[in-house]
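Q: I'm new to this one. Could you show me the structure and walk me through how to read it?

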Amino acid sequence: MKKTYYNKKDKNHMPIIEHFIELRERILISLMVFIATLTISIIYSKQITFIIQEPALGIKFLQLAPGEYLFVSIKIGIYSALLASSPFSLYQILLFILPGLTKKESSYIVPLLIGSIILFFCGIIFAYKILIPITLKFLINYGSDIVEPIWSFEEYFNFIILLLFSVGISFQIPIIQIILGVTNIINKEKMLQSWKYIVFIATIIGAIITPSTDPITQSLMTIIILLLYFSGILSLKIIQK
């Protein structure tokens, strides 16, 4: 009986079982990296806690329930591990799907994925360095002559995580625009024509993301969203040349 041979390096002609084996291996590798980063994050959870507390200068944090800080420390470890291991996990996904893509598709997917990761971390840095300090300063000063600001650390942590990830996701606007443009769902001309609606939507998003009511913070977030939107149009124009 004649046997059929295939080149293991040629993934386009691999049997389906080989694809599942490779997928399992990449998932296991990603899981091992996540567990390793989780372990490190939990060990250094105290140092990470100090970093999280840094924007809230002058605030006294309380543990309002038994074991509250313990559970928050675990949450800090999980979120930190997800954040640290996500680029590697995305890289493993890319290695798995890349052989099945055409050369043209690969030329879009790789830069988009790298750009998405960079923009997400830029959003987190922007939120931590600029947006959160301004927001917390407003919230601390508001009514400080009437009530003393003493916060639950768990509630503070949830607030910080929500703000960090919200801003990080909002920084994905150019990536979404490029995908919509490349797939011909919405062209760049239509995006440019809709700028008035985008200004209105950006104002609403800026107001939702920034919990403080001070106009400076909201205006700053609105401007950032608009800059991201127009940079997405510019990037799409360069790609489609």
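A: Here we look at helix packing and then at a salt bridge. This is a predicted model, where local features need pLDDT of at least 70, side-chain atom pairs count only at pLDDT 80 or more, and totals for chains, interfaces and linings use all residues. Residues are numbered from 1 along each chain as its sequence is written, and side-chain values use heavy atoms, with hydrogens and water left out.

Q: At what angle do helix H2 and helix H3 pack?

A: Two packed helices are described by the angle between their axes and the distance between the axes. Here, H2 (residues 45–53) and H3 (residues 68–97) pack at about 85°, with axes 10 Å apart. That makes H2 roughly perpendicular to H3 (the word covers 65 to 115 degrees). Helices are DSSP runs of H or I with at least four residues, and axes are lines fitted to C-alpha atoms over the stretch in contact, with angles from 0 to 180 degrees between N-to-C directions.

Q: Which residue forms a salt bridge with Arg26?

A: Side chains of opposite charge can pair when their charged atoms come close. Glu22 pairs with Arg26, their closest N and O atoms being 3.2 Å apart; a salt bridge is a side-chain nitrogen of Lys or Arg within 4 Å of a carboxyl oxygen of Asp or Glu. Being 4 residues apart in helix H1 (residues 16–43), Glu22 and Arg26 are separated by about one helical turn. The structure holds 3 salt bridges.

Key
Helices (H or I, at least four residues) and strands (E, at least two) are DSSP runs, numbered from the N terminus. Angles under 35 degrees count as roughly parallel, over 145 as roughly antiparallel, 65 to 115 as roughly perpendicular and the rest as oblique.
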